[in-house]
Amino acid sequence: MLKNNSRRFRPPAVLLRYAPALFFLVVLLAVWQLTVNYFSIPRWLLPSPSQIGKALWNTKDVIWGHTKATIIETTLGLGLAVALGMTVSTLMTLFPLSRRVFYPFLIISQTIPLIAVAPLLLLWLGYGVLPKILIVVLVCFFPIAISLLEGLELSDLDLLHLLQSMGASKWQVFSLIRWPHAMPALFSGLKIAAAYSVMTAVISEWLGASQGLGVYLLRSSNNFLTDRVFAAIIAITALSFFYYAIIIILTRLLLPWYSRYRRTS
Amino acid sequence: MLKNNSRRFRPPAVLLRYAPALFFLVVLLAVWQLTVNYFSIPRWLLPSPSQIGKALWNTKDVIWGHTKATIIETTLGLGLAVALGMTVSTLMTLFPLSRRVFYPFLIISQTIPLIAVAPLLLLWLGYGVLPKILIVVLVCFFPIAISLLEGLELSDLDLLHLLQSMGASKWQVFSLIRWPHAMPALFSGLKIAAAYSVMTAVISEWLGASQGLGVYLLRSSNNFLTDRVFAAIIAITALSFFYYAIIIILTRLLLPWYSRYRRTS
Amino acid sequence: SKQAEQNSVQNNQPVKLTLMLDWTPNTNHTGLFVAQDKGYFKDQGLEVNIVNPSSQGTLEQLVATGKVDFGISAQEQVTSARLSDLPLVSLATIIQHNTSGFVSLRSKNILTAKDFEGKTYGGWGLPSETAILTALMQKENADFSKINMVNIGETDQLASLNSNIDLTWIFYGWTGIQAEIRGQELNMIWLKDIDPALDYYTPVIVSNEEMIQSNPDTVRKMMQAIGAGYEYAIGNPEESAEILIKYAPESDPEMIKRSQAWLSPQYKADAKQWGVQKATVWENYSKWLYDNKLVTKMMDSSKAFTNDFLPTR
Amino acid sequence: MTLALKNLSKTYIENGQSMEIFRDLNLTIESGSFVSLIGPSGSGKSTLCNLIAGIEKPDQGQILLDDQEITGMPGHVGYMFQKDLLLPWRTLRENVTLGCDLRRQDKKISSVEAIKGLEHFGLLDFADYYPHQLSGGMKQRGALLRTILFGQPTLLLDEPFGALDALTRREMQLWLLSIWIETKHTVLFITHDIEEAILLSDKIFVLSKYPAEVVEIIDVPFPRPRDPELIFSSGILPLKTKLFHLLGT
Amino acid sequence: MTLALKNLSKTYIENGQSMEIFRDLNLTIESGSFVSLIGPSGSGKSTLCNLIAGIEKPDQGQILLDDQEITGMPGHVGYMFQKDLLLPWRTLRENVTLGCDLRRQDKKISSVEAIKGLEHFGLLDFADYYPHQLSGGMKQRGALLRTILFGQPTLLLDEPFGALDALTRREMQLWLLSIWIETKHTVLFITHDIEEAILLSDKIFVLSKYPAEVVEIIDVPFPRPRDPELIFSSGILPLKTKLFHLLGT
Ligand SMILES: Nc1ncnc2c1ncn2[C@@H]1O[C@H](COP(=O)(O)OP(=O)(O)OP(=O)(O)O)[C@@H](O)[C@H]1O
Ligand SMILES: Nc1ncnc2c1ncn2[C@@H]1O[C@H](COP(=O)(O)OP(=O)(O)OP(=O)(O)O)[C@@H](O)[C@H]1O
Ligand SMILES: O=[N+]([O-])[O-]
Ligand SMILES: [Mg+2]
Ligand SMILES: [Mg+2]
């Protein structure tokens with residue numbers, strides 16, 4: 001029968017597990033390299049993996065400088081988005097009228113093209129790191145707030161009755177039941193937010209910045225250095241994956257009951 | 001006790017339901033209008049709601065022309081993303097080796113900044129409608145494919161055993177159990193994809209297009225016509241919401257068993 | 001503000017200023033980085049923060065609102081902004097003549113505006129692009145509506161010519177030099193050759209009306225330092241190229257050196273002083289726009305630029 | 001504590017139709033006695049528990065605990081639901097001390113009590129397990145421990161063993177009996193299972209279909225402590241048959 | 001059809017430990033008879049069903065249906081699980097015709113059969129309801145109808161009523177009896193509930209803890225058709241007590 005093999009996270013198994021994917025990656029890179037070499041495709045049109053690797057290595061200090069700026073924007077933006085999302089969802093849950101007033105806006109504003117609004121933010125807030133963080137906050141806020149709100153809505157009314165029967169206050173119901181019940185939903189919202197956060201910071205840098213991976217990307221592109229454009233893309237991907245992985249790890253650490261619970265219930 | 005009031009969708013109830021939100025909207029617009037008038041804020045800095053309304057009305061034919069272009073890109077892109085997502089998830093489910101080869105890439109490529117790759121795509125594929133559709137396809141593909149894959153993984157092994165005991169083939173297990181079981185996950189992925197699809201089309205238009213709401217937005221911005229920038233943002237928001245709403249309606253129509261099932265189980 | 005200026009002077013504190021570039025740091029900006037590197041700003045009691053651009057037209061608005069003090073713009077943008085009531089003023093032209101033009105692959109044999117018909121133009125979606133192409137076509141009795149206008153944003157313009165773009169508008173000092181490096185053979189129609197009115201100033205250094213009225217001394221010191229920077233760049237192409245590379249480590253050194261060698265003689269060109277602007281150039285372009293019915297009113301050129309703050313010797 | 005219900009009335013209005021669940025219901029459970037309530041599905045047993053637990057209010061009538069009115073006031077009785085309702089994000093230990101957390105009691109005292117309780121209930125080794133790691137019977141024992149540690153001498157148990165398989169259920173019945181004999185709580189026990197009611201109770205109240213009335217009050221005539229084999233003795237057959245037919249009405 | 005298990009052996013290896021579930025198990029169920037299998041939890045009753053249903057393979061031994069080997073071949077018996085396992089996205093009608101869809105049978109014929117069956121099972125009015133709209137008893141009846149419409153004369157029923165409350169369970173038992181008396185399927189019925197086994201079966205097999213052996217085969221001595229009141233008669237008490245103690249071993 002189909003039981004989960006509990007040994008699948010032991011090291012050799014992990015290697016074995018990713019071997020096919022790694023093999024595929026190597027083949028892919030080899031084909032790419034050989035194609036570029038064979039057809040002598042110019043570097044500004046399509047650089048080879050080795051050229052990209054060299055570009056990464058040669059500009060690693062510059063890239064790291066830009067990466068730091070992007071990390072600051074992303075981390076602050078994501079952090080503030082979490083704080084804001086938690087606050088808004090909490091208030092909306094505790095005060096049903098505020099929910100009725102703001103919920104439709106929450107849903108509709110999710111579809112506002114924030115990147116299109118971004119230049120206006122720059123105009124009003126001036127130039128600096130603030131509007132960039134704000135854009136990251138806004139983009140990350142919606143998935144977090146909306147998932148958390150859904151999670152705070154208790155589907156299991158019996159749990160509510162249990163607490164009520166014990167004479168729990170509204171606030172105790174919130175902190176003891178609704179809040180932990182909403183954690184998995186919060187983290188799944190965070191996963192989406194994390195995946196998009198770096199990209200958002202990069203786009204907001206295009207709209208005006210002197211530092212950041214978005215700036216590096218644009219400057220490389222404007223200097224016709226396509227190999228560095230690829231290096232920038234790799235750095236952005238790695239950074240995005242880093243945030244994504246952090247959320248996954250945090251989920252495992254902070255919600256030890258969740259992964260198995262989900263599987264068994 | 002907290003039972004759902006089944007009458008809440010009757011028209012007067014709907015009005016009553018959204019009355020607080022509508023009221024808030026009206027107050028917001030009024031304050032905005034009065035502030036702009038009172039401080040004589042220049043139109044290029046912050047237009048008033050009435051100026052935005054006028055801009056919308058005066059350029060409605062132009063906007064509609066651009067909207068059509070964006071609709072075509074978004075619809076085709078989203079449609080192809082659904083087709084591609086379904087095919088890839090199906091193949092990965094039916095052929096476990098392919099899953100082992102490609103799944104890590106699927107997860108990591110989700111974090112690739114497609115918007116940064118877009119200019120390269122344009123270079124390789126030309127500046128027609130094709131690369132724009134492709135970008136929408138790529139951005140929408142990931143949430144669809146990943147949610148569908150998760151949905152196709154049957155958590156309830158008993159259902160699998162039931163079908164096996166009836167002598168079902170692998171393909172029958174797939175079409176009779178896995179597939180319908182995955183529909184809710186597919187639609188929740190679609191909801192995310194729909195919310196981002198229009199925005200993606202707009203950004204890809206910034207990178208290269210002669211028609212589309214992104215082009216209208218950029219031209220308005222370059223002409224310092226901030227009222228039209230707002231008009232463009234409203235059009236983009238309305239269009240995004242339109243796709244989002246279509247997915248919600250489709251979910252209700254196509255999965256009649258789902259909404260109640262979710263609530264009761 | 002004036003208050004701040006006086007305070008700073010009293011305290012012997014440097015005045016803090018922001019200058020925003022119009023694009024990725026390039027050889028148009030060399031004088032600015034020289035002034036920074038050689039301490040010309042400091043000598044004037046200024047602390048200048050050179051920041052990078054905000055695309056999509058917000059630079060002009062940021063300068064107009066005073067969110068940044070100075071910016072790099074162009075005569076076309078200043079004209080368009082002033083017609084939209086943005087209080088922008090041009091203080092100096094960085095290059096005396098328009099070094100831009102329309103290029104196409106030599107193999108496509110596009111030699112005059114007549115040949116533009118049925119072709120695809122790849123640009124930024126700027127109003128001036130439509131304006132100039134329309135006028136140019138009219139002059140040669142060609143039909144502008146037969147050009148397919150495509151916005152190609154920030155993609156590689158030269159590479160786009162190998163794709164389905166036939167025609168694009170480049171600055172020779174940057175993109176033209178890149179084409180030389182690649183060995184890509186181009187036909188170029190220079191704007192200044194099309195019509196004298198199109199030999200306008202691009203790029204220019206701008207500030208806003210409030211700034212020049214309330215802090216004239218600061219503006220004067222700023223221009224003094226910048227002027228010195230460009231004078232150095234005119235005299236020392238190789239050294240100034242190295243300075244630019246130092247401040248823009250993301251750039252391609254070979255490209256910067258070749259570009260600088262080409263551009264250094266162009267900054268001042270035939271003028272008696274770097275940065276000086278002629279009223280006729282501002283008037284002619286504005287009139288040209290009006291005559292060609294590209295705008296519905298004339299801009300008041302006298303308010304759009306001033307030579308009052310140029311360096312004194 | 002003696003639990004008394006006086007002239008309770010409760011009507012639900014659902015989709016415009018009103019549905020009278022109780023009309024003038026009277027019922028007394030003496031201090032320290034174990035009373036079972038059996039009745040057809042939908043007769044209002046859970047509603048009655050909700051009223052006593054104070055999470056719903058009757059339309060009329062009073063609920064008295066030792067002559068003190070507790071109508072509509074939660075927190076005066078321990079209430080255990082049919083489902084185990086352990087919070088999935090709390091370990092077993094944290095689950096059983098839920099009541100103490102609610103009352104902001106001293107953590108140390110409650111923790112000592114919890115450990116004693118867990119030991120007594122045979123759960124000490126599993127104190128740090130999450131509910132999904134426990135078997136059904138363990139979860140039910142945990143839920144009962146939580147209800148007892150809540151500290152009220154009156155317990156409402158609403159079909160606590162409904163979700164267990166027949167054998168585990170039998171084990172749990174005997175075990176509950178052993179606990180009750182020690183603690184002597186006043187217990188109102190809801191069940192569908194006639195054998196269970198006979199094995200455990202001093203008295204059995206039989207409820208009719210709604211509007212629910214107490215159609216019969218039966219004193220279970222078997223002496224305590226009861227032999228678990230009681231249910232295999234022919235002595236219970238008349239009572240069992242009688243109750244079965246009463247339920248059908 | 002006569003179902004015979006010959007020298008069945010099955011060992012699981014879990015976390016490096018091997019666990020012998022059956023060793024040389026032999027068992028015969030005569031055509032048209034109703035046989036119950038009782039045994040402690042974890043003794044391997046469900047594993048046995050899985051082996052017979054062909055979704056698992058024995059390490060050794062054979063499974064014969066009227067002398068034809070069906071070891072490891074699914075599709076030869078109808079198999080109903082403890083949970084109702086109706087597919088939530090199919091209406092009741094679509095659920096009961098699942099077997100026909102799997103065999104790509106003529107839709108019209110299967111639909112006629114389904115309607116007959118639904119009517120017979122008292123479910124016709126609910127044909128177009130989704131499972132979540134049905135009560136527990138209805139769902140179980142639906143699942144049994146699906147198992148019967150699958151068309152095999154041999155049925156494996158693995159604790160089909162385990163999830164139902166005591167009263168509904170009693171109803172379902174009587175109803176299953178009435179169905180079986182008409183159709184005369186060969187039935188292997190798994191249960192924990194001794195009364196249920198006595199009420200329904202011709203024979204009761206008692207399984208020991210693993211490695212499971214048949215410790216006793218009991219012929220239920222009560223004539224058919226059986227009176228539902230049988231369980232209240234003292235006649236069953238010795239049998240009930242005996243089975244209860246056998247289970248404990
Ligand atoms: N909040 C409510 N609103 C309307 N009707 C309700 C509500 N709660 C319960 N009812 C109805 O009241 C009746 C009694 O319900 P209750 O749950 O008390 O019965 P019960 O005896 O516990 O049944 P069971 O044995 O199935 O648990 C049922 O018909 C039920 O549908
Ligand atoms: N796929 C498997 N891998 C390993 N061990 C298994 C597997 N399936 C079942 N077992 C073990 O085999 C034993 C018998 O399981 P089975 O489910 O057949 O028992 P059962 O008699 O049906 O129990 P219950 O009455 O609780 O349903 C159990 O100890 C179980 O843990
Ligand atoms: O942002 N740029 O460096 O062009
Ligand atoms: Mg109940
Ligand atoms: Mg079993």
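**Exercise 1.** Determine how many residues of chain A are in contact with how many residues of chain B, contact meaning heavy atoms within 4.5 Å.

*Solution.* In this predicted model, 47 residues of chain A are in contact with 47 residues of chain B. Local features need pLDDT of at least 70 and side-chain atom pairs count only at pLDDT 80 or more, whereas totals for chains, interfaces and linings use all residues. Residues are numbered from 1 along each chain as its sequence is written, chains are lettered from A in the order in which they are written, and side-chain values use heavy atoms, with hydrogens and water left out.

**Exercise 2.** Characterise the area and the polar links between chain A and chain B.

*Solution.* Start with the buried area, that is, the accessible area (1.4 Å probe) that two parts lose on being put together, summed over both: it is about 4500 Å² for chain A and chain B, with 78% on carbon and sulfur atoms.

**Exercise 3.** Which elements give two or more residues to the side of chain A that touches chain B?

*Solution.* With helices taken as DSSP runs (H or I, at least four residues), the elements are helix 1 (11–39), helix 4 (96–109), helix 5 (114–125), helix 7 (157–165), helix 8 (170–206) and helix 10 (226–254) of chain A. Helix 10 of chain A supplies the largest share, 9 residues.

Notes: A polar contact is a pair of N or O atoms within 3.5 Å; within protein, one must be able to donate a hydrogen and the other to accept it, and residues adjacent in sequence count only if both atoms are side-chain atoms.
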